[in-house]
Amino acid sequence: MLRLAFVGLCCLGSVMTTEAFAQAKKGDRDYAVVDLKNVDEDFYYQGEYYGAIGADCNWCGAATIGLQVVARGDGHFFASLYQGGLPGNGWDLSAREELDGTRDGDVLTLTGKDLTLKVYENGPVEVLDAKGHLLGQLTKYHRSSVTLGATPPPGATVIFNGSSVDQLTGGQITPGGLLKEGTEFKKTYRSYRLHVEFRLPYMPYATGQARSNSGLYLQSRYEVQVLDSFGLEGVENECGGLYKQKRPRINMCFPPLSWQTYDIGFVAPKFDQDGKKIKDAYITVLLNGVPVHQDYAITAKTGGGKQEGPELYPIKLQDHRNPVRYRNIWIVDLSDQPDPQYCYPCRSLLCDK
């Protein structure tokens, strides 16, 4: 479901745009970078690494591992180590190992329970055992979703393609042709297939809900979280989660300043003549091309969403005061289909009929 590409020194430059943004001072939790030209040295150590270790070790055997390195500001880092590969690309879903480390000059040293990892700018990563023996190296990669740049299918309504905000209320376009957070669709939809691409700013000093926060509010009621939760566990209030209601099956959040995708199939709840809910809404969500929710029944409104009811309200792109950017937004209206049909193999509204 994912494209895996080797990262060189300038690998991300093509997805950056120059934007004027009033930034807080470096060291402040509101410090946010939206342009690759303004990142700090730590940024180039952050990211995803993959490779095999132990191939030349007769007594331990070979193993494939994935590593996600997260910058925390001023040379401090957090990392997650995965058996089998990266989330969505080989990870066997066993418990991930957490590591902490600091950068000294051009080497970041991460320390785990049994391993020490030496990370160099843009890779490689040297994996050492407790005695300092080299077990192998990991290579840095930049993954991209297979739905990145998806073309609107016949019958779709283009909400935003960089040229106009006519389909939006309160929409603002940046000088680079991207859509700012804090807008909503003009038209309302009952059931639909939605494609959205988003880019999280680099906010190394922020944590939790303060780190690159936005959200897709479906019907202004149900929030699919947008957040920089790269390298974290992936819980109900992190990227891919149905806010405070259901965690994603797997944390598929990519590093900040990468373009990411949401592909969502949504079927509205049903109400009787008295306004009593007789059937929950249900949803399928693909984050970066990987299913994180499959035909899930949403039991109630989430977080600060509007109360459930038969009235329709617009889809919102939440403004949480962080410069999250959006592009390539389109929707296929399925409201005239009383019982949307599933298709094989994904059994979701996301498939082309």
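A residue is called buried here when its relative accessible area is under 20%, exposed when this is over 50%, and partly exposed in between, with a 1.4 Å probe and protein chains only. At 0% relative accessibility, Cys 239 therefore counts as buried, and at 1% Cys 253 likewise counts as buried.

The structure is a predicted model, in which local features need pLDDT of at least 70 and side-chain atom pairs count only at pLDDT 80 or more, while totals for chains, interfaces and linings use all residues. Residues are numbered from 1 along each chain as its sequence is written, and side-chain values use heavy atoms, with hydrogens and water left out. The pLDDT, the predictor's confidence in each residue from 0 to 100, has a mean of 90 for the chain, and 87% of the residues reach 70 or more. Over residues 8-21 the pLDDT is below 50, yet this stretch has 34 contacts in the model beyond near neighbours in sequence, a contact being heavy atoms within 4.5 Å.

A disulfide is a covalent bond between the sulfur atoms of two cysteines; the criterion applied is a pair of cysteine sulfur atoms within 2.5 Å. By this rule the count is zero. For Cys 239, which is in no disulfide, the nearest cysteine sulfur is that of Cys 253, 4.1 Å away. Cys 253 is in no disulfide either.

The strands come next. Helices (H or I, at least four residues) and strands (E, at least two) are DSSP runs numbered from the N terminus, and two strands pair if DSSP finds at least two bridges between them. Strand 17, residues 259-267, is mostly covered, with nine of its nine residues buried. Trp 259, Thr 261, Asp 263, Gly 265 and Val 267 point one way from this strand, whereas Gln 260, Tyr 262, Ile 264 and Phe 266 point the other way.

Strand 17 is joined to strand 14 (residues 192-199) by eight bridges in an antiparallel arrangement, with Leu 194 opposite Ile 264. Strand 17 also pairs with strand 20 (residues 281-287), again antiparallel, over six bridges; here Gly 265 stands opposite Thr 284.

Elsewhere, five strands form an open sheet in the order 11-13-22-15-16, with antiparallel pairing. Strand 11 (168-169) and strand 16 (222-226) stand at its edges with a single partner strand each, so one side of each has no neighbour in the sheet. The partner of strand 11 is strand 13 (residues 183-185), to which two bridges join it in the antiparallel sense. Within this pair, Leu 168 has Phe 185 as its bridge partner.
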